[in-house]
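User: I would like to learn how to read chain folds and interfaces from coordinates. Please take me through one case.

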Amino acid sequence: MTAGPIQTRTEEPLPLPEAETPPERRLPPGMWVRENLFNSPLNTVLTIVFGLLIAWVVFRATRFVFVTGRWQVIEQNLTNFMVGRFPRDELYRPWIAIYLAAGAAGVGTALYARTRPPVPWTVTLRRASPALLGLVVILSLSRTWLPAALTVGGFAVGAAGRLLGNRLPERARRLLPLVGLATVLLAYVAFTGFGGVGWDNWGGLLLTLFVAVAGIVLSFPFGVLLALGRRSSFPAVRVICVGYIELIRGVPLITLIFIGALVLGFFLPPGMTRPGLTMRALVAIILFAAAYIAEIVRGGLQSVPKGQTEAAKAIGLSPVKTTMRIVLPQALRNVIPALVGQFISLFKDTSLLGAISLLEILGVSQAVLAQQEFLGQRVQAEALVFASFLYWVACYSMSRASQRLEQRLGVGER
Amino acid sequence: MSETSVRADATQAKGGEAMIFCEGVDKFFGEFQALADINLQVGNTEVVVVIGPSGSGKSTLIRCINRLEKHDRGRIIVDGVEMSDDVRNIQEIRKETGMVFQQFNLFPHMTVLENITLGPRQVRRWNKRKAEDLATEMLERVKIPEQAGKYPGQLSGGQQQRVAIARALAMQPKVMLFDEPTSALDPEMIKEVLDVMEELAGSGMTMIVVTHEMGFARAVADRVVFMAEGQIVEVGTPEHFFTDPQEERTKLFLSQIL
């Protein structure tokens, strides 16, 4: 049988190409180490050098935390770190506020959780782990059992709130913003009402949290307005906004805080009582952060395609509604990472309040070194490590929350 | 037949009353004249297809009709309302004109249903129930009721464009403007959009369609307008247009694309 020069028929079916799954390369640990860490003389040397370095750092750090660190300075001053000079016989006030917040958080999360797919408790635990770690560390440094017992009580109130929230009817969700506002107001009353303690006597973590949260909440809308103003079609508005942003961005924050603290008195009409130091510092921080937020939001506004505005106009939406419902939501979603970065930065900037003798966390950590018992005791490291830890817990929590927010809003990505 | 008589007759609306009336419209982008002395009437229920080479001012013309671009001279009257700088006038005209864009321009952060109900709820101030009922009806009309809960990013191009048509229709406009509605679509999706448009034309909607789909123009248009360099060069019925064009410019264009 003669075949043509090109044989097109084969006796058996052509073999199908192998399914293109990359081969699984799961090496046993010993092999993995040999292949990745000791595969050449240079790598062997590097592995040994860096391995020793890491081991040494881990060893020293562990020894410092658990053995050599003299944490008495923190233990003795734990209340100072938490609330600064807050009068000691008024300490029930922060606890009332905490319980209010715990209860409201329970109700709020219960109502909110209904609208979302259920989250396994391990995930919740992982999400809360930085905050829980902070709580455990703080409580472990307490010399009495009272704070721990009260914290357990706080969790109980939160759980009770959660149960209550689960029983509320669906339409109660509309009241959530109201519940939030009421909680903030009641907590404020718990601090200051009935012969309470004003801001100027707050300190430590309490002051840091207050200034940071108030700063974030108030500078954000201000910054958004500035960003919108910068794109306004009225030249006067534009000029004012650009001028403000460039002026503030050209000045260090510490200068603004000093101006608020020292110079402001000269500009106020005589006879007018000057606002408290905390208030002046807070205003400086808000004015400062707003300028940066404005620039971030402007970037977001520019990232929204022109077609979006045109489509909104074409269905008859007014300019205000176009901005509020179409442009801003997309603009803000696009800049969440940068915004949260700014908020984290603002949180840490509260440490500058120490410069005008407001005792926030860093201020307390410096002040305790001047106490009789710790003077010349070389416990700076302990005080600073603890202060850093508190900042880290807050900032890391914010960073993780931002990642989750991004992922969730990523639904319906164009 | 002289050149002037062709223009003068053909720019008149075919029916009685004019839904859209343009007279002596000029539009400049800086030094560049995008529209030059545009005179055009579109009658009630009429379907006008605008064709022409790119940069000829087709899109600019229909964008002037709902004030996405501001014309510099002349008059534009839509359903008896003259376009002026008065914001209320502009809003009034935009309520009566639906627009469909080449790039769909759906709102990516809203579901299909929210995209469609936004206009009726925010502009017409309807309650949620009424707006959603209408939106469902519109989605059935464009044959994708099952996509109501999805986000635009989860739909194909053809589906997105049909949602955009439903969104425009939900404002119950008297005029629909289409700005190259199929130019950004993959070939296999063009037909589903054109079918919806054809159905719409059959239902008596007044339409101005900028397109390169000559088959659509031939089958659906009452009149075809050919534009070049910002001017209306020739206007006529599809038969006249595709079989016996008068102007050299038109013949050249048609020979290039057919």
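User: Among contacts in chain A between residues at least 6 apart in sequence, what share joins residues at least 24 apart?

Analyst: Contact means heavy atoms within 4.5 Å. In chain A the share is 78%. This is a predicted model: local features need pLDDT of at least 70, side-chain atom pairs need 80 or more, and totals for chains, interfaces and linings use all residues. Side-chain values use heavy atoms, without hydrogens and water.

User: What radius of gyration does chain A have?

Analyst: The radius is taken over C-alpha atoms; the globule rule is 2.2 Å times the number of residues to the power 0.38. Chain A has 29 Å, whereas a compact globule of 414 residues would have a value near 22 Å. The C-alpha trace spans about 120 × 70 × 55 Å along its principal axes.

User: How much area is buried between chain A and chain B?

Analyst: The size of an interface is often given as the accessible area lost when the parts come together. Here the sum over both parts (1.4 Å probe) is about 2000 Å², with 61% from carbon and sulfur atoms. A:E310, A:A314 and A:I315 supply 27% of what chain A buries against chain B, more than any other three residues.

User: Which side chains form the salt bridge?

Analyst: The rule asks for a side-chain nitrogen of Lys or Arg within 4 Å of a carboxyl oxygen of Asp or Glu. It finds one across this interface. B:R63 and A:E310 form a salt bridge at 2.6 Å, N to O.

Note on methods
Residues numbered from 1 in each chain as written. Chains lettered and ligands numbered in written order. Buried area = accessible area lost by both parts, 1.4 Å probe.
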